[in-house]
Amino acid sequence: MFNPEVGNFALALAVVLAIAQGVMGIWGAHRRDASLMAAAPALAIGQAIALIVSFAVLVHANVVNDFSVKVVAENSSSMKPLFYRITGTWGNHPGSVLLWCLVLGLCSGAVAIFGSNLPSAVRARVVGVQGLSSAGFTLFALLSSNPFTRLWPPPMQGMDMNPLLQDPGLAIHPPMLYLGYVGFSVPFAFAVAALIEGRVDAAWGRWVRPWTLAAWCALTCGITLGSWWAYYDLGWGGFWYWDPVENASLLPWLTGTALLHSAIVVEKREALKTWTVLLAIGTFSLSLLGTFLVRSGILNSVHSFAAAPNRGVFILVLLGILIVGSLLLFALRAPALAPVGIFAPLSREGALILNNILICSIAAVVLTGTAYPPFADLLAGIKISVGPPFYASTVFPLAFPLFLAMSLGTALSWKRAALAPVFRQVWWAALISVVIGLFAVMRMRALPALGMVAAAWLVFGALADVASRISLFSLPPRRSLARLMGLRRAAIGAAVAHAGLGVTIAGVAGMSLAASAVVFLKPGQSTNIGGYTWTLKSIGEHDGSNYKAAVATVLVSHNGRLVTTLTPERRQFPIQGITTDEAKIQTNGLRDLYAVFGEERDGGAVLRLHDNRFAPWIWFGGAFMALGGLLSLSDRRLRVGAPRPAAAALAAAAR
Amino acid sequence: MKNPPNRVARPAPARAVPVRPGPGRAVPGAPVPGRSPLRRTLLYSIPVVTVLAAGTGFYFMLRGLRRGTFNPHGVPSPLVGHRIPPFSLPGINAGGFSSTEIFAAHRPLVINFFASWCLPCREEEPVLMGLRAQGIPIWGIAYKDTVPAASAYLSKFGNPYARTASDEPGRASIDWGLTGVPETFIINSEGVVVWHMAGPLTPELATRVVEPMMQKLNQ
């Protein structure tokens, strides 16, 4: 059953099913042939099952150390712990492509299953478009990066995996990211289906939103986990480097966030239709583009991926067909989509348009910074690298107006708003923010202090929004509580997500207070960093399953009281001859005490020690944002009269 | 004030046509610009045209990557096209070398900066060993490294270098414009830097760039 050839066959089967799904869906909807249309969702489910089988076979090959499979021999070894043999399945190029195909297949399966209350023509077209995209990617997996390629004779032992990748972070980060990236294929498919049909209305906005939300939540989690992984596993002590690979994941997140908000306008007011369709196409295109740039080796990144320019051309052609095709359709069909809703500039719609303009401007700036170096090199032969100073000077001026508008926008009413009620709602949030800003400016530089103001403004603005919705203080507490219970989940979700962004900003701004130093200590010696006394107690050794480690035991105390004991390690992996630093972090929710064991020398240890204040908030905020998205996703309104689905779809896809 | 479908009653505010959206006056919701259908089609074609242009660019980058003419990882060095800076360094075990000796060698060389405390250097080691096996001379300079540590590193992980020198204070490396280790320079027989790479050499770079370039320089 788990023979690799079965996996290969299932993958080939998935290609055929995907093509049939695409052709029957789109052709059937065009011909209005009910039986063809009904076949598409069934084929989509079949395709998803075929991919599940194929992926399961690959996981099995990794688990049982089947070194006759090339990717297993090249990336695994029998010395590797079971957990990493499983997660190693997607730690290499062919495996990750198969995971990508699997998620894409699960997405179309989810639309087929949960979209049963969509009009049949809409469902057939959406599933059809998904089928055609799946066909392209499964074909790529089968022809250009087949994970089931065999070796004969099989080697006795595999080459093992890059030890940096042997981390629980790797277990969830890439699948989450893929779930997000690929999840945006659903809004994309809806957009293309709408363009084929030539109609976008309020119902379309309502269908698209839950899928967008689900993908957005997954991408938020994925980016947060990735940032966390870089922070603790790579031992750099930083969390975001404006590295091209990170930017590639940020871009779809930004446009996805814009899409999330503009879809509300389509649903509520039937305005911004062409813009929303373009965003839906653009977000998935940017997801694809990011993957392509990372995998092809075009971008210069600190995250080293095996570059494969030969495969690059295949992906480029594939992306070209998908993106150019959909944008061509957009150019031909979108001009006919006329807006219906009318509103004044000062209104919820107006605020959401401002949100879209600012977010998309940030995305444009990040895209420019990311794409400029390779294009400057190609066209003018100029070698440049765009670093954090560029992003700091271009993103921040756009981000702060966005933060300002975020807490105001939720206070505006639809169609036409007045300013007086807005001020009544947010004045106290503004007051608290200013007070916090005054405190902050005494302790930190101007920009982080401004960040703290923005953070407080978002958190308290979100609280003010909820307080005003439940008429806190103007109604008796019991009735306010009853209102809180009856509040729409989408409203709570929005408040939680907005506050989450505030928490993240507070963490980023607070990191400016972080203290760090590289010190050389002999056992018994100590040093002072960030108000703590760090003492190297001893240097020991221990053996892991496929590595040997030197362990430094560092006692951290504050005013003579022991706070924690950190045991950073240096691990040596004999098979690859690689050494990794295993950072150790102790967090109390407000600050991270962070130690890296640099090297052992003359009986002492070179240690990098950090006292990172507010650092955990960066990831708490990310979790809050994703939680907000999930709350919004669980809103009843999204389930009634819409693909019932998305929460369950997300859960199903996550499994 | 409902717009009939498929027609735009008014130019959009986004295009700075005066519409006077005064208080209480509604304007069409989406920025739907353009009066004639042709202009709208042209406007809506901007995304596809942009993507086509970008795609063409990416194609040529990929082609360049394969031919070795396009290298996104090559960070510019002011030294490329210039003679190497004058320096004289003590050795790790014996010898050491100076810029005079490089000029005197009068043949193309690979100069590699490394350190025992640098993880990417260790990853690069097998690639350098491969180059050495091809008969390519690599002269190594240990950057900010003690002599015992560098010596132990070379004996433990293998020595790919024809000659080695130690720049423990790191002063010569400043003249070379080093940004970190490892860094690799290819110099021609005149002592002029012709190629530079910051970061570890990959097997691909070794076969696509270093080997052909050394062959060409040797002719």
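## Sheets and a surface patch in chains A and B

V441(A) is found in helix α15 (residues 419-443) of chain A; helices (H or I, at least four residues) and strands (E, at least two) are DSSP runs, numbered from the N terminus. This is a predicted model, in which local features need pLDDT of at least 70 and side-chain atom pairs count only at pLDDT 80 or more, whereas totals for chains, interfaces and linings use all residues. Residues are numbered from 1 along each chain as its sequence is written, chains are lettered from A and ligands numbered from 1 in the order in which they are written, and side-chain values use heavy atoms, without hydrogens and water.

V441(A) has a relative accessible area of 47% and is therefore partly exposed (buried means under 20%, exposed over 50%, partly exposed in between; 1.4 Å probe, protein chains only). Together with W427(A), L431(A), V434(A), V435(A), L438(A), F439(A) and M442(A), V441(A) forms a nonpolar surface patch of about 870 Å² accessible area. Such a patch joins nonpolar side chains (Val, Leu, Ile, Met, Phe, Trp, Tyr) within 5 Å, like charges being joined within 9 Å, from residues with over 30% relative accessible area and no salt bridge (a Lys or Arg side-chain nitrogen within 4 Å of a carboxyl oxygen of Asp or Glu). Areas follow the Shrake-Rupley method with a 1.4 Å probe, and for residues only the protein chains shown count as cover.

Chain A also holds an open, antiparallel sheet of four strands in the order β2-β11-β10-β9. Its edge strands, β2 and β9 (584-587), each pair on one side only; two strands pair if DSSP finds at least two bridges between them. F520(A) lies in strand β2 (residues 515-521) of chain A and is partly exposed at 34% relative accessible area. F520(A) and R601(A) are 81 residues apart in sequence, with 8.7 Å between their C-alpha atoms.

In chain B, five strands form an open sheet of mixed pairing, ordered β4-β3-β2-β5-β6. The edges are β4 and β6 (193-198) of chain B, each pairing on one side only.

| Strand pair | Bridges | Sense | Bridge partners |
|---|---|---|---|
| β9(A) and β10(A) | four | antiparallel | I585(A) and Y594(A) |

Four of the five residues of strand β4 (residues 163-167) of chain B are buried, so this strand is largely enclosed by the rest of the structure. The chain reaches β4(B) from β3(B) through helix α5 (residues 147-157) of chain B in a right-handed β-α-β crossover, that is, one running clockwise from the first strand over the helix to the second with the strands pointing away from the viewer.
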